[in-house]
Every structure is written in C-alpha cells, then in structure tokens.
Amino acid sequence: MPKLSVKQAEQKLIKYALSFPETALEHPWGHDVVKVKGKMFASFGGQAGTPGEFSMSVKLPVSSEMALTLPWVEPTGYGLGKSGWVTARLKKGADFDIDTMKGWIDQSYRAVAPKTLVKALG
C-alpha cells in the first residue's frame, strides 16, 4: 500500500470521524475540528508546528496512559490533558498506523457523544 502524505492521512481520518452519527466539521482557531452535538471529539492541525507535521487531539479516557507511552504522543495543552485528552504529532514522512488513529477517534467519539448516540452504535 502506498504511503499516505500527512494531508491524505488527515483527510482520511476527518472523513472517518464524520462517519459517526450527528457529527460536523468546524474550523475554530484556523484548523479542522470534528464535533458531535457541538462538542469537540477530534481536532486536526493543532497549534502551528512544523509545516507538514501531522497533529491530532482526541479524548482517550480508556487508553490515554498507554497512548502517552508512545514518543510522539503528549498530553493536550490548555489543561485538557488532565481530562484524558492526548495529542499525537508526527513529523513529515513518519509512518503512522491509521487503524490506531481510527480506534482513538472511535474512543473519543464514545467519550464525548450523548449516551443515546453511543448506544445506537452498538
């Protein structure tokens, strides 16, 4: 399988995040944020970093401790890290596991979405 560029991977992950019920893409702070019922569950692009760097922030109440053992994952700033939010940053050209990122988006959606929407997912 050909290696995805940062932009291709980001677009693929945004499309995945938007596949969940009642989600919307917004652009606060100049980057892409996916929300469910007005609450953010995935943010892409984050703080201005190195051009071409991949950045994604998600809420991981179940696996944040494990995720933070990875060298490219850090607690999300603005105090969100205390609530289980993590930010993954990968340099241009770095390999990344799109399936892991999708799993994190799924977990974040389930943590933020109203219980009725989560229940409908099964």
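So, tyrosine 16: it is partly exposed, with a relative accessible area of 23%. Partly exposed sits between buried, under 20% relative accessible area, and exposed, over 50%, using a 1.4 Å probe and protein chains only. Keep in mind that this is a predicted model, where local features need pLDDT of at least 70, side-chain atom pairs count only at pLDDT 80 or more, and totals for chains, interfaces and linings use all residues. Residues are numbered from 1 along each chain as its sequence is written, and side-chain values use heavy atoms, with hydrogens and water left out.

Okay, rings. The structure has five aromatic pairs. Rings of Phe, Tyr and Trp (its six-membered ring) pair if their centres lie within 6.5 Å; planes under 30 degrees apart are stacked, over 60 edge-to-face, and the rest tilted. Tyrosine 16 pairs edge-to-face with phenylalanine 20, at 5.3 Å centre to centre and 85° between the planes.

Now phenylalanine 20, which is buried at 8% relative accessible area. Its ring and that of phenylalanine 41 have centres 6.4 Å apart and planes at 80°, so that pair is edge-to-face too. Why does this pair tie together parts that are 21 residues apart in sequence? Because phenylalanine 20 lies in the loop between helix 1 (6-17) and strand 1 (23-26), while phenylalanine 41 lies in strand 3 (residues 39-44). Helices (H or I, at least four residues) and strands (E, at least two) are DSSP runs, numbered from the N terminus. Phenylalanine 41 is buried, with a relative accessible area of 0%.

And the group picture: Tyr16, Phe20, Phe41 and Tyr109 make one aromatic cluster.
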